Amino acid sequence: MDGGSTPTRPIGEADAVPELLDFTDPAFRADPYAAFAAQRAAAPLAWHEGLQAYVATSHAAACAVLRERRLGRIFAPRQPDSDWETFNWLHADSILDSEPPKHTRLRRLVAGAFGRGHVQRLAPRIEALATGLLDDALASGPEFDVIAAYAEPLPVLVIAELLGFPDVDRHLLRPWSQAIVKMYEVDRTPAQEEEARAACREFAAYVSGLAARRAGSPGEDLLTDLVQIRDGSDRLSERELIATAVLLLNAGHEASVNGFGNGLHSWLAAGKPAIDPGDPVAVERIVEEFLRHDCPLQLFERTATADVDLLGVPIAKGQKAIALLGAANRDPAVFPEPDHFDPARDPNEHIAFGLGIHFCIGAPLARLEMQIATRLLLARAPALALVTAERRPTFVLRGFERLIVSARP
Ligand code: HEM
């Protein structure tokens, strides 16, 4: 995902590879996996004219793109800066869109809060929140929308609580975040761009106000910790603080909603292959398969900071390379029967959380939330069945608008 772009045309043999991925085709977006397989078989790292970038569809090529240090996350500010100012610095000053040494400094400041041990202590609270949501969903009738009632509110509540985002304002988070992430799609309308700009301005102003309140009356939350780092050292500027809080609030729920929704859909559509929700290892494995089979974040972009030879393909300085995570996760060279949903798949070396220095900082939290949500839902609704599924038309953030399930036989 990247907010800006400066297309550069390559020269060379990769131009000759037929283009098999049409990101604008609704049928491709609905199910890109057959096209991914065809592209991978033709050329796993090939130039894509539409995206103006090299596109990696094999596991090896996608991992190489993410691991190669000369392929960086280079944020290109959008122009004119007067229109895009807040959007630009929210990205340029964030962990996700910076490179070392700035990336190392910013990432270290929050890494501790998302470490495995720290996150594990949140389990009882996540369980209580998930139980409350499930009580309401199951009481609401024989059928309910598992996205709106369960998959979406759980990670929003958890990340909001972690950062100390006030209860009364939690309804603001999802619309801001939804408006901003539309900027990461491969096609977007001018109206969506304006909505994203407005959401950035409002979100940044809100977090700035909240940080000022925390400076005066500290809480027991991550935002207070960041305010104290900002005020007590030169390790965090005002803009970096706001960009970090906004990134955590957004990244902390967007992918988790769809990771759970997509995975649950895959499992239901596969005919509910048997799983014992009382077995923690079985629950861990099915969650990894949720993330592999239909991963929620499909595309990540890098820019060459020097000429690079990647698996025999020359990438010139300034050219872009894209890792297609969903394609990598269906590579038959790594995953036997890759299209098959296997709840007990082991090993499962998927790259839904990325790889290399930008590897998802929230992976332990996302995994814990998904494991708790899965265990509770499967234990309490053993007759769960799919009623209707309505996909979003987006590609980069892959998910469902609605997933109606029935909990009763
Ligand atoms: C199923 C859920 C999630 C998935 C699939 C996911 C996926 C990813 C991926 C693929 C990246 C790497 C981006 C790149 O290489 O350019 C990433 C980075 C990141 N994620 Fe997640 N994520 C999830 C949940 C979360 C949560 C719960 C948080 C909350 C704290 C979070 C915070 C971040 C941050 C801060 C980064 C930037 C790390 C860096 O640049 O060093 N993510 N995520």
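Two strands are said to pair if DSSP finds at least two bridges between them. In this predicted model, strand 1 (residues 45-48) meets that condition with strand 2, the two pairing in the antiparallel sense over four bridges.

The hairpin that these two strands form has four residues between the strands, and within it Q52 takes a positive phi near 55 degrees. Strand 2 (residues 53-56) has A53 and V55 pointing one way and Y54 and A56 the other way, and all of these residues are buried. On its other pairing, strand 2 runs parallel to strand 8 (residues 320-324), to which three bridges join it, while strand 5 (residues 299-304) pairs with strand 8 in the antiparallel sense over five bridges.

Examples of bridge partners are listed here.

| Residue | Bridge partner | Strand of the partner |
|---|---|---|
| A46 | V55 | strand 2 |
| Y54 | A321 | strand 8 |
| E301 | I322 | strand 8 |

Taken together, five strands form an open sheet with mixed pairing, in the order 1-2-8-5-3. Strand 1 and strand 3 (71-72) stand at the edges with a single partner strand each, so one side of each is left without a neighbour in the sheet. Helix 3 (residues 59-67) packs on this sheet, touching strand 1, strand 2, strand 3, strand 5 and strand 8, and its direction makes about 130 degrees with that of strand 8.

The ligand is surrounded by 25 residues, of which A255, G259, G354, C360 and G362 are the closest. This shell divides into 17 nonpolar, six polar and two charged residues, and at least two of its residues come from each of helix 13 (238-251), helix 14 (254-269) and helix 17 (363-380).

How values were computed:
Residues are numbered from 1 along each chain as its sequence is written. This is a predicted model: local features need pLDDT of at least 70, side-chain atom pairs count only at pLDDT 80 or more; totals for chains, interfaces and linings use all residues. A residue is near a molecule or strand if its C-beta atom, placed from the backbone, lies within 6 Å of it. Ala, Val, Leu, Ile, Met, Phe, Trp, Tyr, Cys and Pro count as nonpolar, Asp, Glu, Lys and Arg as charged, and the others, Gly among them, as polar. A residue is buried if 20 or more other C-beta atoms lie within 10 Å of its own, exposed if 12 or fewer, and partly exposed in between; C-beta atoms are placed from the backbone. Two residues are in contact if their C-beta atoms, placed from the backbone, lie within 7 Å. Axes are lines fitted to C-alpha atoms, for helices over the stretch in contact, and angles run from 0 to 180 degrees between N-to-C directions.
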